[in-house]
Amino acid sequence: LKTPTFDNWQWEDAEIMVLLQVMYTDLDFISTFNIELDVMQQFLYEVYRRYNNIPFHNFKHCFCVTQMMYGLIWLTDLRSKMDSIDLLIMLTSAVCHDLDHTGYNNAYQINARTELALRYNDISPLENHHCAVAFEILEKTESNIFRNLSTEQFKRIREGIIKCILATDMTRHTEILNKFKALLPVFDFSNKDNRDVLMMIMIKVSDISNEARPMDVAEPWLDCLLQEFFNQSDMEKLEGLPVTPFMDRDKVTKPSSQTGFIRFVLFPLFIELANLFPCLEVRKFPDENLSDIQSLKSSVALTYSKV
């Protein structure tokens, strides 16, 4: 569960919800922040309920992004460099980062003048909505995993989650990456501004990490993404809106959709993160074998039977 080789396709949604709970427990969030298990489970259920049944930006994607974040926290030994609240912000941001995604990106929202675009004045309409839905869930006492924290702690967590989720808007990619690159030579973990930028980079890396996974995990995700892209371009043609070029089923192929993305978006981001954490540069992970998976599945089944 801590490695980038983890295969999400072998797990049912109910098992995935337990694995998310395992991550919160394993990072000591349950005990440190006095999170009751029934509240944790209700929070995860509400999150699950608010992810839509669409090809890519669904609950399984939420899990993959969270699992990569969880793995990176362990691989880079962030527990010794950042405090628990920062780590809690990062993991919870990953869980909530695409809540109630419609399957149509910001360009579509703005061009179609959707309710979200109007509500958020064309400024990151989706990401603002994901944040709003997250805090709607957290407003309910029965699903507020932060309900035992102080007002100051909650304020810091809210500010951090908003900052992280808004950072996943790809129109801000270059701005955030350049800010991180400028900090690298003098990066200081004791500096809040430095940590804030790292947290934004961590969620961005986790969000686009499918292509960094083994091919048999990554390729089905690409098929899902292209399906969602093609659905959008079909709708754009139908409604007479500008057609997003990289989503046009008449122009895009699987290889062409990936080469530019990997070269100009994924590589630069991962390379800069590895500059801060050289341990990520060359890392061999053992292949998952059947006994490891069965052992984890048995553990999850046992946990699930108690829920």
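E46 has a relative accessibility of 8%, so this residue counts as buried (buried means under 20% relative accessible area, exposed over 50% and partly exposed in between, with a 1.4 Å probe and protein chains only). E46 sits in helix 3; helices here are DSSP runs of H or I with at least four residues, strands are runs of E with at least two, and both are numbered from the N terminus. Setting aside neighbours within four places in sequence, E46 is in contact with I137, K140 and S143, where contact means heavy atoms within 4.5 Å.

Before going on, a word on the model. It is a predicted one, in which local features need pLDDT of at least 70 and side-chain atom pairs count only at pLDDT 80 or more, while totals for chains, interfaces and linings use all residues. Residues are numbered from 1 along each chain as its sequence is written, and side-chain values use heavy atoms, with hydrogens and water left out.

Now let us look at helix 3 itself. Residues 37-49 form this helix of 13 residues, and from first C-alpha to last it reaches 18 Å, close to the 18 Å expected at 1.5 Å a residue (the expected span is 1.5 Å times one less than the number of residues). Which residues of helix 3 are buried? They are V39, M40, F43, L44, E46 and V47. These residues cover an arc of only 160 degrees around the axis, which puts them on the same side of helix 3; the arc is that of the directions from the helix axis to the C-beta atoms. An α-helix has 3.6 residues a turn, so residues three or four places apart point the same way. The cover over the buried residues of helix 3 includes helix 1 (13-26), helix 2 (29-32), helix 4 (59-75), helix 5 (84-96) and helix 8 (125-139).

From helix 5, we can move on to D98, which lies in the loop between helix 5 and helix 6 (106-111). UniProt places the feature "binding site" at D98, in an unreviewed entry; such annotations may be inferred rather than shown by experiment. D98 counts as buried, at 6% relative accessibility. Leaving aside neighbours within four places in sequence, the contacts of D98 are Y51, H57, H61, H130 and D207.

Finally, the whole chain. The protein chain has 14 helices and zero strands. Buried residues make up 51% of its 307 residues. Of the contacts in the protein chain with a separation of 6 or more, 76% join residues 24 or more positions apart. Along its principal axes, the C-alpha trace spans about 55 × 45 × 45 Å.
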